[in-house]
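Okay, thanks for coming, everyone. Let me put the model up and then walk through a few spots in it.

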Amino acid sequence: MQDTLNISNKVLTRKNLIYLIKKYKTPLWVYNADIIIKQIKKLKKFDIIRFAQKSCSNIHILKIMKDNNIKIDAVSLGEIKRALIAGFKPHNNDIVFTSDILEENVLKEVVQKNIPVNAGSIEMLHQLGKISPRHPVWIRINPKFGGGHHIKTNTGGDQSKHGIWNSMHAISIIEKYNLNLIGLHIHIGSGVNTKNLYQVCKSMKNHAIQLNKKIQFISAGGGLNIPYKPTDKEININEYFQKWNNVKKKLISTLNCPIKLEIEPGRFLVGQSGILIAQVYSVKKTQKNIFVLINAGFNDLMRPVLYGSYHEITVLHKNIKDIQKIPLIRGIIAGPLCESGDIFTVQDTGIILPRNIPSVEPGDYIIIHNTGAYGSSMSSNYNSRPFIPEILYEKKVFKLIRRRQTIKEMLSLELSL
């Protein structure tokens, strides 16, 4: 199937994209706030939506979440600080800190601000209990099974570092230090199939009944998939909610206490909102392949090289052309890094997989779609390449929400010693 720019999109029109390219240069990220809000509304039946900010941690994206009554999950001190700057408040469950270790600077912050801790290890409970009795805690349960679109995104089972294996042991530590158990959390992976997600419902019910503690919250975790490929189907949110709501009702009855149902999505809220725009600099032919070299690499978008992830790719020709008359090529989209693995068109095994795209030449543009989640937030300075700008379309205007990093800024941490 031919990859071409869908100019019917009211935001990603040719005119708008060319405007952004001229103003901010390439490569650059572009997000659409309308899509984020649309995704939020799909989850409105859940009592609490808690955004997994690691998927897209720009402060301006976090402010969209705050404005739409979304709470926040933080997995580092930096993410706590981002949440606070975006307007989320400590002391009222706006922020939950989730991790498997508690570093000293994080421990000090969560205690000082009374931020609930979702504990993924017994040691975290010991640390908290010794200095902060009655601190609000969750137990992150490892349900002894996992899932995910790739082995590296599996967060449950014997091969996963995440979560507490023996939840009854966790209860004994919580009671020892008089910690305040407020919730139970299970998350088995990112990009999980529906069958495994429903298995989590049953596991949560069984664990909660076995622990037999009055709690305020249960969390369904995240892992909700989005359609990366044209053939992918969206998850049935209403059906998913009903299964979890049945678990909530059962636990309210059995444990005899009010319970709120949380969901903790990342990619589901922001994945489809973002694109990465890059420019073609070279088209190289070998005996069997055509490599289309662009000025964005896996230092910008890590997912294809890390997970073999699929992203739709479209072409924006620099000059207006009759797309129907442009011949197709089997192109391999590759970046500028000094790495043979700097390829965006790969199978989940990591093997190169050419795509059908309209013929391109230097000066044309490549658009990589559905990069709003784990795109910019996973980028790096590898090959000493500066971070690229982020643009947000919100309230009918485009605005810069992170400017392009300069080489001087990148080097400043080394030169200021």
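Before anything else, a word on accessibility: I'll say buried for under 20% relative accessible area, exposed for over 50%, and partly exposed for in between, with a 1.4 Å probe and protein chains only. By that scale N206 is partly exposed, because its relative accessible area is 40%.

Now the caveats. This is a predicted model, so local features need pLDDT of at least 70 and side-chain atom pairs count only at pLDDT 80 or more, while totals for chains, interfaces and linings use all residues. Residues are numbered from 1 along each chain as its sequence is written, and side-chain values use heavy atoms, with hydrogens and water left out.

Back to N206. You'll find N206 in helix 8, residues 194-211; helices here are DSSP runs of H or I with at least four residues, strands are runs of E with at least two, and both are numbered from the N terminus. Its C-alpha is 9.5 Å from that of L251, which sits 45 residues away along the chain.

Let's zoom out to the domains. The chain splits into domain 1 (44-268) and domain 2 (274-412), with bounds that come from an automatic or database domain assignment. Their C-alpha centres are 33 Å apart. Domain 1 puts 17 residues into the contact and domain 2 puts in 19, where contact means heavy atoms within 4.5 Å. About 1,600 Å² is buried between domain 1 and domain 2, with carbon and sulfur atoms giving 57% of that. Buried area, by the way, is the accessible area (1.4 Å probe) that two parts lose on being put together, summed over both.

Next, the annotated residues. K54 is in the loop between strand 2 (48-52) and helix 3 (59-67), and it's partly exposed at 35%. Leaving out neighbours within four places in sequence, K54 contacts V75, E79, Y374 and S377. C338 is in the loop between strand 13 (328-334) and strand 14 (355-358), and at 70% relative accessibility C338 is exposed.

What about disulfides, how many does the whole structure have? The search finds 0, taking a disulfide as a pair of cysteine sulfur atoms within 2.5 Å. Take C201: its sulfur is 18 Å from the closest cysteine sulfur, in C257, so that's too far for a bond. C201 is buried at 4%, and C56 is buried at 3%.

Q39, in helix 2 (residues 33-42), is buried with a relative accessible area of 2%. Its side chain reaches the backbone oxygen of F268 at 2.8 Å. Beyond residues up to four places away in sequence, Q39 touches F268, L269 and Q272.

T26 is in the loop between helix 1 (14-24) and strand 1 (28-32), and it's buried at 13%. The T26 side chain makes a polar contact with the N295 side chain at 3.0 Å. For a polar contact I need N or O atoms within 3.5 Å; within protein, one must be able to donate a hydrogen and the other to accept it, and residues adjacent in sequence count only if both atoms are side-chain atoms. With residues up to four places away set aside, T26 touches several others, including I277, Y365 and R404.
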